[in-house]
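User: I am new to this structure and would like to understand how its descriptions are reached. Please take me through them with care.

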Amino acid sequence: FINTVFLEPYYVINKQNTLLSGFETIDEASEAGTLDDSSFDVTFDNLCANGNITVMIISSDRTIVRSSVNDTQKMMLEFMNIIFGEKQNEVMMQSDNYIIQKQTDTRLDSEFLVLYGTLSNGNLILMRTALESIRESVNLSNTFLAWVGVVAAIISAVVIVFVSRGITTPLLRLTDISKRMT
């Protein structure tokens with residue numbers, strides 16, 4: 001029950017923190033001027049791969065500074081749709097520099113956690129991560145725990161039967177002996 005109710009929100013909070021941490025890392029690099037430097041490549045790739053995050057950074061003249069996807073035009077359209085679209089998405093967290101929200105992609109029929117905002121140097125940033133993998137993990141974990149619970153209940157029942165027989169057999173013998181004595 002606890003796993004079913006609390007695991008998914010815990011994962012979502014964890015993903016929010018991962019997005020925030022990535023935003024802060026990229027913001028620090030933009031402040032230092034190393035965002036488009038080759039020295040930042042490993043950090044950027046590590047952030048995207050380990051956090052399962054898609055990132056796009058766009059300058060004020062709409063040129064792409066850095067992106068973790070190959071199809072930058074499609075990502076740019078999604079970015080503009082997120083910012084200027086009419087759909088209401090659930091805002092999870094907001095500050096002066098960024099907004100984190102849940103967004104539903106009707107084409108893919110999946111939900112994403114999206115962070116968009118402005119870096120210190122004025123560039124726009126879009127970061128997103130899929131929530132479907134979280135749901136899949138929660139369902140897998142719940143299924144596993146259900147099977148473990150069923151197996152544990154069966155093993156417990158068998159152990160209880162043998163232990164109770166071990167305890168009750170001598171008592172039944174004593175009862176039988178006392179009946180014969182009377």
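User: What makes helix H1 roughly antiparallel to helix H2?

Analyst: In this predicted model, the axes of helix H1 (residues 2–32) and helix H2 (residues 41–51) come within 11 Å and cross at roughly 175°. Axes are lines fitted to C-alpha atoms, for helices over the stretch in contact, with angles from 0 to 180 degrees between N-to-C directions. Angles over 145 degrees count as roughly antiparallel, and therefore H1 is roughly antiparallel to H2.

User: Which residues make the contact of H1 with H2?

Analyst: Contact means heavy atoms within 4.5 Å; on the H1 side it is made by Lys15, Thr18, Gly22, Thr25 and Ile26, and on the H2 side by Thr43, Phe44, Leu47 and Gly51. These divide into three nonpolar, five polar and one charged, where Gly counts as polar.

User: How do you know how confident the prediction is in the protein chain?

Analyst: By pLDDT, the predictor's confidence in each residue, from 0 to 100: the chain averages 84, and 96% of the residues score at least 70. Confidence is lowest in H3, at a mean of 73, and highest in helix H4 (residues 132–181), at 89.

User: What lines the largest pocket?

Analyst: The lining has 14 residues, with Thr54, Val69, Met75, Phe112 and Arg128 nearest the centre, and it divides into six nonpolar, three polar and five charged. A lining residue has an atom within 4 Å of a point of the pocket's 1 Å grid.

Analyst: Residues are numbered from 1 along each chain as its sequence is written. Local features need pLDDT of at least 70 and side-chain atom pairs 80 or more, while totals for chains, interfaces and linings use all residues, and side-chain values use heavy atoms, without hydrogens and water.

How values were computed
On a 1 Å grid over the protein atoms alone, a cavity is a set of points where a 1.4 Å probe fits but cannot get out, and a pocket is an open set with protein on both sides within 12 Å along at least five of seven lines; lining residues have an atom within 4 Å of a point. Helices (H or I, at least four residues) and strands (E, at least two) are DSSP runs, numbered from the N terminus. Angles under 35 degrees count as roughly parallel, over 145 as roughly antiparallel, 65 to 115 as roughly perpendicular and the rest as oblique.
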